[in-house]
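I opened this notebook to keep track of what I looked up in the structure. The entries follow the order in which I went through the topics.

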Amino acid sequence: MKQNEKIIIEVMYKADNCLPCFYMDETVRKILPKYAGRVDYRRVDFLKKKGKERFLDLSYALFGEEFVRTNRRVAPVPSLFIDGELVFDAIPPVFELEAAIEAAIADKGIKR
């Protein structure tokens with residue numbers, strides 16, 4: 001693994017008036033400084049074109065494109081993905097979020 005690789009955290013985000021979305025985003029942003037240089041954070045605003053495309057990509061990865069299209073089953077909102085994998089489908093406690101980030105960093109062999 002390259003030492004300069006980062007993990008990617010993505011939060012599925014509907015809008016500022018979606019309180020669960022807002023608080024999940026806020027929870028992640030509060031702890032990001034602890035992981036500077038090791039984490040890229042992306043808020044996926046799925047009501048916007050670029051965010052919609054990423055939201056559908058992650059939904060397809062979870063359920064398969066045909067299932068998403070025929071059954072309208074999509075990724076939960078809010079939800080948190082690390083490196084494209086669903087990790088939380090509700091706002092996690094900080095200690096659980098930190099543990100998941102630490103595990104992902106260790107799995108990639110990212111050094112401080």
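For accessibility I call a residue buried under 20% relative accessible area, exposed over 50% and partly exposed in between, with a 1.4 Å probe and protein chains only. I am working on a predicted model, in which local features need pLDDT of at least 70 and side-chain atom pairs count only at pLDDT 80 or more, while totals for chains, interfaces and linings use all residues. I number residues from 1 along each chain as its sequence is written, and side-chain values use heavy atoms, with hydrogens and water left out.

Entry on the sheet. I took helices (H or I, at least four residues) and strands (E, at least two) as DSSP runs numbered from the N terminus, and I let two strands pair if DSSP finds at least two bridges between them. On that basis I found an open sheet of four strands in the order β2-β1-β3-β4, with mixed pairing. β2 and β4 are the edge strands, each with a single partner, so one side of each has no neighbour in the sheet. For angles I used axes that are lines fitted to C-alpha atoms, for helices over the stretch in contact, and the angles run from 0 to 180 degrees between N-to-C directions. With direction ignored, neighbouring strands of this sheet are turned by 30° against each other on average. I then looked at β1 and β2, which pair in the parallel sense over seven bridges, and noted that Ile 7 has Val 39 in β2 as its bridge partner.

Entry on the helices over the sheet. Taking contact as heavy atoms within 4.5 Å, I saw that α1 packs on the sheet and touches β1, β2 and β3 (79-82), its direction making about 160° with that of β1. I also saw that α2 lies across β1, β2, β3 and β4 and runs at about 105° to β2.

Entry on Ser 79. This residue is in strand β3 and, at 0% relative accessibility, is buried. Leaving aside neighbours within four places in sequence, I listed the contacts of Ser 79, among them Val 11, Met 24 and Phe 88.

Entry on salt bridges. I counted a side-chain nitrogen of Lys or Arg within 4 Å of a carboxyl oxygen of Asp or Glu, and the search of the whole structure gave ten. One of these joins Glu 5 and Lys 108, at 4.0 Å from N to O; Glu 5 lies in the segment before β1 (7-13) and Lys 108 in helix α4 (residues 94-108), so the pair ties together parts 103 residues apart in sequence. Another joins Asp 25 and Arg 43 at 3.6 Å, N to O, and because Asp 25 lies in helix α1 (residues 19-31) and Arg 43 in strand β2 (residues 39-45), this pair ties together parts 18 residues apart in sequence. Asp 25 is buried at 5% relative accessible area, whereas Arg 43 is partly exposed at 30%.

I then turned to Lys 49 and Glu 53, whose closest N and O atoms are 2.9 Å apart in a salt bridge. They are four residues apart in helix α2 (residues 49-63), and therefore separated by about one helical turn. Lys 49 is exposed at 64% relative accessibility, and Glu 53 is partly exposed at 41%. I noted finally that salt bridges with shared partners join Asp 25, Arg 29, Arg 43 and Asp 45 into one network.
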